[in-house]
Amino acid sequence: MDARVGSATFLLARVCTLRAWWHHREDPQPLAPDHEQREQLAARALAQFPDSTMIDSTNVETALKESRSALSDPNAKTILNAVVKWRALIARIDILVAQPDGGFQQILVGAAKDTVPKKRLRDLTHPLAVSAMVLSDLGLRVHSSLFLVSHRYRKGMDDDQLFTDIDRTQPAMTLGQQLHTSANSLIDEIVSESPPTARLVPGCRDCPYYVERCLGKGVAYPVAYLPYVGADKLMALDQAGVRDVADIPEELEWSDAQDVMIQAVKKAQPWMDEGLPAQVRALKEPRACLDMETELVAMPVEDDARPFESHVKSASVQWNTATEISHADEDRREHDLIVKVVQATAAAATVVVYGDAVPRALRRLSRRHEDLASPLEALTEKIVDLRELVVAGFYHQDFHGSYSLHRVAEALGIPDQAPPATAIASVLEAIEGWGGPTDE
Ligand code: SF4
């Protein structure tokens, strides 16, 4: 087993050491490429430092050797992609700029806009804290910054206007000191031959190993899928050996929504508010179902778009038959697509969507395409969010704590079908004709 631990694996261990242990064995490359969007942004940031020393080896030992040599070279004013090591921990630093005081400013390029909420800013600071910890341990004074994409940037501007430099020296140092106190034991657990003990934690819910091989494996209704369960309650369930929602002791207290989910499992019976089918049947005819697939695009692709705005990639409309609408060309122009959506839904009295993604996309689109503002407003006024109705009035034990369209359709026995607008229509139909047990 490779004893070198990448900083992403190390940070996972703060959530769950067993998850980090598995991740380390399956993805042991500490210098593995980042996700695509961050790679692209990092390449643009690095291009702004033309007279610099680039460490481009993907071999850890070579990269470490070249980085050590650059760090001790007084002529190397800027080092790109430096790799540093502390015990088994390997950290890569996007940009290191020598400072007049003999220290370095480390810069991490974040795949986010400079207006991110505080919590996301803290998360983005974690890798900086790891490298701050390693650099401090090497005896180097370190300032830490995040390069985040400026919300003022627009297509066509120069790259020197693309990033905002956000000073994170103090938070990175404080977090780095905290990490330092547990770093030795976390690394020991990650590289240990035997796996750490599995414990129910909030991270289990989204852990890729949960039902595949860990505490949810072979469990009919895995308890970590219950939403909004705090660490304390999960610990109590863990200590009581509870793995399945069906085995939750009666004495524990839950919110009303959680209680509905638990009772549905215990009674092996879905719950539906008795008014819901009538409410759905009362939706004005004729109806169309609409779904849009969007993607978050870091660099603006349309003249007036902002960085990290979502763009509509495709849409589907169910109106008697299903219509799938895609882009007419490759540069993600949305205008033609949205005109087709407006035409396909024009005669509908109700447009049923699932979730708030479509209304949000329509608001954004009317800002971006002024000529479409009026038809988009008319479309928005006809929208009914089926997810809101389901959350308020329906729970099937096979939702497993999720109201995603996929999970709801699956629980209702609706075969996996594309396009999504057809799945929305099928859920609507299933609720209208609901013959199962209802609220009494
Ligand atoms: S399921 Fe939970 S205990 Fe198991 S590896 Fe994932 S986070 Fe850790």
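## Overall make-up

The chain holds 15 helices and 14 strands. Please keep in mind as you look around that this is a predicted model. Along the principal axes, the C-alpha atoms occupy a box of roughly 75 × 60 × 30 Å. Of the 440 residues in the chain, 36% are buried.

Contacts along the chain are worth a glance too. Taking those between residues at least 6 apart in sequence, 64% link residues at least 24 apart.

## Three domains

The chain splits into domain 1 (5-191), domain 2 (202-259) and domain 3 (269-440).

## The ligand and its shell

Where does the ligand lie relative to domain 1 and domain 2? Domain 1 (5-191) and domain 2 (202-259) each give residues to the shell around the ligand, so the ligand lies between them. In total, 13 residues surround the ligand, and the closest are Cys 16, Arg 19, Cys 204, Cys 207 and Cys 214.

## Ala 198, in a loop

Ala 198 sits in the loop that runs between α6 (169-191) and α7 (231-239). Is Ala 198 buried or partly exposed? Ala 198 has 18 C-beta neighbours inside 10 Å, so it counts as partly exposed; the cut-off for buried is 20 or more.

Setting aside neighbours within four places in sequence, Ala 198 is in contact with Leu 18, Cys 214 and Leu 215. Cys 214 is also among the residues closest to the ligand. Phe 399 is 201 residues from Ala 198 in sequence, and their C-alpha atoms are 25 Å apart in space.

## Helix α11

Now to helix α11, which covers residues 357-368, twelve residues in all. From its first C-alpha to its last, α11 reaches 16 Å, close to the 16 Å expected at 1.5 Å a residue.

Which residues of α11 are buried? They are Val 358, Ala 361, Leu 362 and Leu 365. These residues cover an arc of only 100° around the axis, which puts them on the same side of α11. The elements that cover the buried residues of α11 include the strands β9 (287-297), β10 (309-319), β12 (350-353) and β13 (383-385), along with the helices α10 (335-345) and α12 (373-381).

## Cys 289, in a strand

One of the elements covering α11 is β9, and Cys 289 has its place in that strand. With 27 C-beta neighbours inside 10 Å, Cys 289 counts as buried, because the cut-off is 20 or more.

What does Cys 289 touch, once residues up to four places away in sequence are left out? The list is Gln 318, Val 352, Ala 421, Ile 424, Ala 425 and Leu 428. Gly 413 lies 124 residues from Cys 289 along the chain, and 19 Å separate their C-alpha atoms.

Methods:
Residues numbered from 1 in each chain as written. Predicted model: local features only at pLDDT ≥ 70, side-chain atom pairs only at ≥ 80, totals over all residues. Near = placed C-beta within 6 Å. Domains from an automatic or database assignment. Helix = DSSP H or I, 4+ residues; strand = E, 2+ residues; numbered from the N terminus. Expected span 1.5 Å × (residues − 1). Buried ≥ 20, exposed ≤ 12 C-beta atoms within 10 Å, placed from the backbone. Arc of directions from axis to C-beta. Contact = placed C-beta atoms within 7 Å.
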